[in-house]
Amino acid sequence: MINESIFDDIKQVNGYLGIGISQYTGELLLFDKENEKINLEETSIIFNDLFRSSHSLSQKLSLGRTEVMEIVTEKAKILMACSGENSSVHIHVFAIFKNDGNVALAKMILPKILNKSVSELS
């Protein structure tokens, strides 16, 4: 089973605010957050709905499955990544950073978290 140490690298990234791993259905498996105002417990389902809608849209456009999404808001950047529908365990990871955070580094770390999570959950 996965534990919070899986987040150690990404928590060191400048601007980190929070991260969550959920089943593709939206059930939150594990999360961490720097700020109590960020309600990952409730919003993980919405993140998953967004990601699943993106999956559907990209497939309808014959573009393949959505692998990574980036949402830029007024105050933050949200990254979402998918292990893949054909993976042994279909999960989504979402991470939130301040606008001036090192999102480029986070994008390199997210696949490592996904791969390790799939391996540990299989």
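Colleague: Is tyrosine 16 buried or exposed?

Modeller: Please bear in mind that this is a predicted model. A residue counts as buried when its relative accessible area is under 20%. Tyrosine 16 has a value of 7%, so it is buried. Phenylalanine 97 is buried as well, with a relative accessible area of 0%.

Colleague: How many aromatic pairs does the count come to?

Modeller: Rings pair if their centres lie within 6.5 Å. By this rule there are 2 aromatic pairs. In one of them, the ring centres of tyrosine 16 and phenylalanine 97 are 6.1 Å apart and the planes stand at 70°, so this pair is edge-to-face. Tyrosine 16 belongs to strand β1 (residues 16-23) and phenylalanine 97 to strand β5 (residues 91-98), so the pair ties together parts 81 residues apart in sequence.

Colleague: Which aromatic pair is tilted?

Modeller: Phenylalanine 47 and phenylalanine 94 form the tilted pair, with 4.6 Å from centre to centre and 35° between the planes. Phenylalanine 47 lies in helix α2 (residues 40-60) and phenylalanine 94 in strand β5, so this pair links distant parts of the chain, 47 residues apart. Both phenylalanine 47 and phenylalanine 94 are buried.

Colleague: Where is the place of serine 117, and with which residues is it in contact?

Modeller: Serine 117 is found in helix α3 (residues 103-121). Its relative accessibility is 0%, so serine 117 counts as buried. Neighbours within four places in sequence left aside, serine 117 is in contact with Ile2, Ile6, Ile21 and Ile91.

Terms used:
Residues are numbered from 1 along each chain as its sequence is written. This is a predicted model: local features need pLDDT of at least 70, side-chain atom pairs count only at pLDDT 80 or more; totals for chains, interfaces and linings use all residues. Side-chain values use heavy atoms; hydrogens and water are left out. Helices (H or I, at least four residues) and strands (E, at least two) are DSSP runs, numbered from the N terminus. Buried means under 20% relative accessible area, exposed over 50%, partly exposed in between (1.4 Å probe, protein chains only). Contact means heavy atoms within 4.5 Å. Rings of Phe, Tyr and Trp (its six-membered ring) pair if their centres lie within 6.5 Å; planes under 30 degrees apart count as stacked, over 60 as edge-to-face and the rest as tilted.
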